[in-house]
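Me: I am new to this structure and would like to learn how to read its features one by one. Could you take me through them slowly, with the general idea before each case?

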Amino acid sequence: EKAGLKVTMELCKPNPGDQSTTRILCKFSNDCAFPINNLVFQAAVPKYLKLLEMQPASSSTCAAKSTDSVTQIINVQNSMQGEKNLLFKIKIVYSLNGATVEEMGQVSNFPPMY
């Protein structure tokens, strides 16, 4: 969460027979008085993870004062399931009130066994 943009991630195991695969639903919320435009979310994973699919975002605009108004699904496979958890390097680029914002970071606080 930064500068009014909040990203939450919901995790699930879509295939009970394959616990190495995780589906992540990313939800974008905007607490600002202005819309967020040209939203682009990118993710990179270490070698023990395989990015199976990163679907396009439901929109590139996150309305002002909105909750979960944009969603994006990521499917990953963990070859070291049970030994290493999910880890993402992320980059988010968007326009807010005429200014371009670029944020980069790492997400590593996923629950065990994901």
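**Reading the features in turn**

Reply: Let us begin with K65, which counts as exposed because its relative accessible area is 57%; buried means under 20% relative accessible area, exposed means over 50%, and partly exposed is what lies in between, with a 1.4 Å probe and protein chains only. This is a predicted model, in which local features need pLDDT of at least 70 and side-chain atom pairs count only at pLDDT 80 or more, while totals for chains, interfaces and linings use all residues. Residues are numbered from 1 along each chain as its sequence is written, and side-chain values use heavy atoms, with hydrogens and water left out.

Me: Where does K65 lie, and what is its phi?

Reply: Most residues other than glycine have a negative phi. K65, in the loop between strand 4 (49-54) and strand 5, has a positive phi near 50°. D68, found in strand 5, also is not a glycine and has a positive phi of about 55°, and D68 is partly exposed, at a relative accessible area of 32%. Strands here are DSSP runs of E with at least two residues, and helices are runs of H or I with at least four, numbered from the N terminus.

Me: Which strands pair with strand 6, and in what sense?

Reply: Two strands pair if DSSP finds at least two bridges between them. Strand 6 (residues 88-96) pairs with strand 3 (residues 36-44) in the antiparallel sense over seven bridges, and in this pairing A44 stands opposite K89. Strand 6 is also joined to strand 7 (residues 99-107), again antiparallel, by nine bridges, with S95 opposite T100. Strand 6 and strand 7 form a hairpin with two residues between them, and N97 in the turn has a positive phi of about 55°.

Me: How should I read the largest pocket, and what is its volume?

Reply: Rolling a probe the size of a water molecule over the atoms shows where empty space is left. On a 1 Å grid over the protein atoms alone, a pocket is an open set of points where a 1.4 Å probe fits, with protein on both sides within 12 Å along at least five of seven lines, and lining residues have an atom within 4 Å of a point. The largest pocket has a volume of about 420 Å³, the volume being the space filled by probe spheres set on the points, which are joined across faces, edges and corners. Of the 19 residues that line this pocket, E1, V7, I90, I92 and V107 are the closest to its centre. Strand 1 (5-12), strand 6 and strand 7 are the elements that give two or more residues to the lining, and strand 1 provides the largest share, six residues.

Me: How many aromatic pairs does a search of the whole structure find?

Reply: Rings of Phe, Tyr and Trp (its six-membered ring) pair if their centres lie within 6.5 Å, and planes under 30 degrees apart count as stacked, over 60 as edge-to-face and the rest as tilted. The search finds two such pairs, one of which is formed by F28 and F41, edge-to-face at 5.5 Å centre to centre with 70° between the planes. This pair links distant parts of the chain, with F28 in strand 2 (residues 21-30) and F41 in strand 3, 13 residues apart. Both F28 and F41 are buried.
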